[in-house]
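Trainee: I would like to learn how to read strand pairing in a model. Where do we begin?

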Amino acid sequence: MLEKVEEALEWGGFRKDIVLLAISSVALVLGLLDFRIFGMDPSWVAVVLCGVPIVIEAIIALITRFDIKADVLVSIALISTLIIGEVFAAGEVAVIMQLGALLEDLTLAKARAGIERLVNLTPTTARRIVDGREEEIRAEEVRVGDILRVNPGETVPVDGVIIKGETSVNQAVMTGESMPVDKSVGDEVSSGTVNQFGSFDMRAEKVGEDSSIQRMVRLVQSADAGRAKIVRTADRWATWIVVMALTTAILAWVLTGEIIRAVTVLVVFCPCALVLATPTAIMAAIGNVTKHGFLVKEGDALERLSTVTDITFDKTGTLTYGTPEVSAAVSCVPDISDDDLYGFAAAAEKRSEHPLGKAIVRCYHGDVVEPDEFEMIPGEGVIADVAGTKVLAGNSKLLESRGIVIDEDVYRIARDHLDDGCTVTYVALDGRAIGFIALSDTIRPTAASAVRGINDSNVNAVLLTGDHASAAEHIARQIGIKDVKAECLPEDKLTAIDSIQSIGGRVCMVGDGINDAPALRKAHVGIAMGAGGTDIAVDAADIVLVDDGIEEIPHLLWLSKRMMFTIKTNIVFSMGLNFLAVILAMLGVLDPITGALVHNAGSVAVIINSALLLRWRSKSADTVGGPGGHSTVPVTA
């Protein structure tokens, strides 16, 4: 609720500034037409509404922090023009500066709630077992050595070790792995992960601030604190601009003896176009990428993106869809076809609650027969009676524990799929192992073209994933990524990004999961998948890819570089115009009013040049993605 109120106040402030600018602009037009209100120049309205706040802020910053910004020079120029009676010139400068400040505030507006959402992932309660009785306590009351029970669908409250029971755990929150991991006695479980089915008892090992989910909160906080913000260009050079302007104005006064020339120098030296150079280009670039499915949350994100040397990708949910799909149904006996094996497996899994079992049923192309009998063995698989045939579908432990021998040929063929990153479900009919179902994550069809476009923009693509090395290498080969780091926990992703940035590289991280949030914060730029990504990843990122269209990332890279070219062009033009106007002012060609008009023309030119970015499209991005930026090269899983 508080977040919504703050957001409303922020946008309320923006609306107020827009109204004040509109009133001031109308007043300036009336002043230019020599219209009078009760005998007073209406340009005073612009001076009061837009100029006075600038002067007050400049004085406060100068006195309290000795902070010399562009506002100091503007304030001197405003006061000087008012002293000699050039109210219109003062009002015009004030309006242009206020417009630049508003554009900058709009581009820098942001809302963050990621850390709070991450904290909320931690369960508030736990089930503690004392003398055989189950009692519900607050999670923060759990102590090391306590015995806890976790029921199906519940989140693990603390880090610990299973001492009783078997289950399957969704560890995506910590590792990003798409496939659930089977757990049994002796296996470790982490706080924040989800128990898929099967109740188990665990012994608490790490609690409170030492738990995995709390460590991730600290990682996000520390990564965010270490990232610097880019200073406005005009403010970066403000001290030198002020010194040069004052020196030149005094010189003009001394040499000519005319105070009006000195004031004109101050007016034309005001960095109006320089102030507009960056925010207008950023606003136009943001408008461009919005049409290509990006939401830019941080105003300086595109500026930072233009300098990246490496893009690190999470795999699951980013380069892939993040849901298991059947990639192959393989029968290793002549009398049972692949399709028949697939049908028996789907029927046996029809009542299964296991994610892999559900995937087999979902992917089957025909009608799934209802099993006559069904039994689920946690951590192993299912046993079912399908049309008089006893079907076993699960891991090798399920078959071996019931005396069913898996032939070496089945193992050999299955091993090829395992090496490609697949998960294998073995299938036995009436006591005979006949083959297996291979499941894998599915690559996005545009992933290869996106990576190709990134490489063409001289940026190195890196895969950082919590998946096993075989799965990571297999995916990387198919989409063209050569640099792979597998089995990464959130800490490992931070270490990988640190290692690149410690040698002068700048990293853009692309991810979707909760486990990616620290890396998204730590990276020079973070891009989150919007459609399939978690709220925490989206909040941690600078840019959100709303529809998960990763084929547009090359366009984003090229546009960021083009935007910086436009900003530099704007700066060179505005500074060149300033120096030319200063010379003309010293020669007496310009007076304060004409000087302000020339300055205004420079600001308009900067805005028009920036507006060209709205429809800009890189030919390189079009070549990579095909018409409309979508890949024309299919990629198979």
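Mentor: This model is predicted. In general, strands of a sheet pair through backbone hydrogen bonds, either parallel or antiparallel. Here, strand 11 (residues 310-313) and strand 20 (residues 507-511) run parallel and are joined by 4 bridges.

Trainee: Which residue stands opposite D310 in strand 20?

Mentor: V507 does.

Trainee: What packs on the sheet, and which strands are touched?

Mentor: Helix 23 (residues 553-586) touches strand 10, strand 11, strand 20, strand 21 (525-529) and strand 22 (543-545). The direction of helix 23 makes about 150° with that of strand 11. Helix 20 (residues 490-501) lies across strand 11, strand 18 (460-464), strand 19 and strand 20. Helix 20 runs at about 155° to strand 20.

Trainee: In what order do the strands of the open sheet come?

Mentor: The order is 10-22-21-20-11-18-19, which makes 7 strands with mixed pairing. Strand 10 (294-296) and strand 19 (483-485) are the edge strands, each pairing on one side only. From one strand to the next, the twist averages 20°.

Trainee: How do strand 1 and strand 2 run, parallel or antiparallel?

Mentor: Strand 1 (residues 125-130) and strand 2 (residues 133-138) run antiparallel, with 6 bridges between them.

Trainee: How many residues lie between strand 1 and strand 2 in the hairpin?

Mentor: There are 2. D131, in the turn, has a positive phi of about 55°.

Conventions:
Residues are numbered from 1 along each chain as its sequence is written. This is a predicted model: local features need pLDDT of at least 70, side-chain atom pairs count only at pLDDT 80 or more; totals for chains, interfaces and linings use all residues. Side-chain values use heavy atoms; hydrogens and water are left out. Two strands pair if DSSP finds at least two bridges between them. Axes are lines fitted to C-alpha atoms, for helices over the stretch in contact, and angles run from 0 to 180 degrees between N-to-C directions. Contact means heavy atoms within 4.5 Å.
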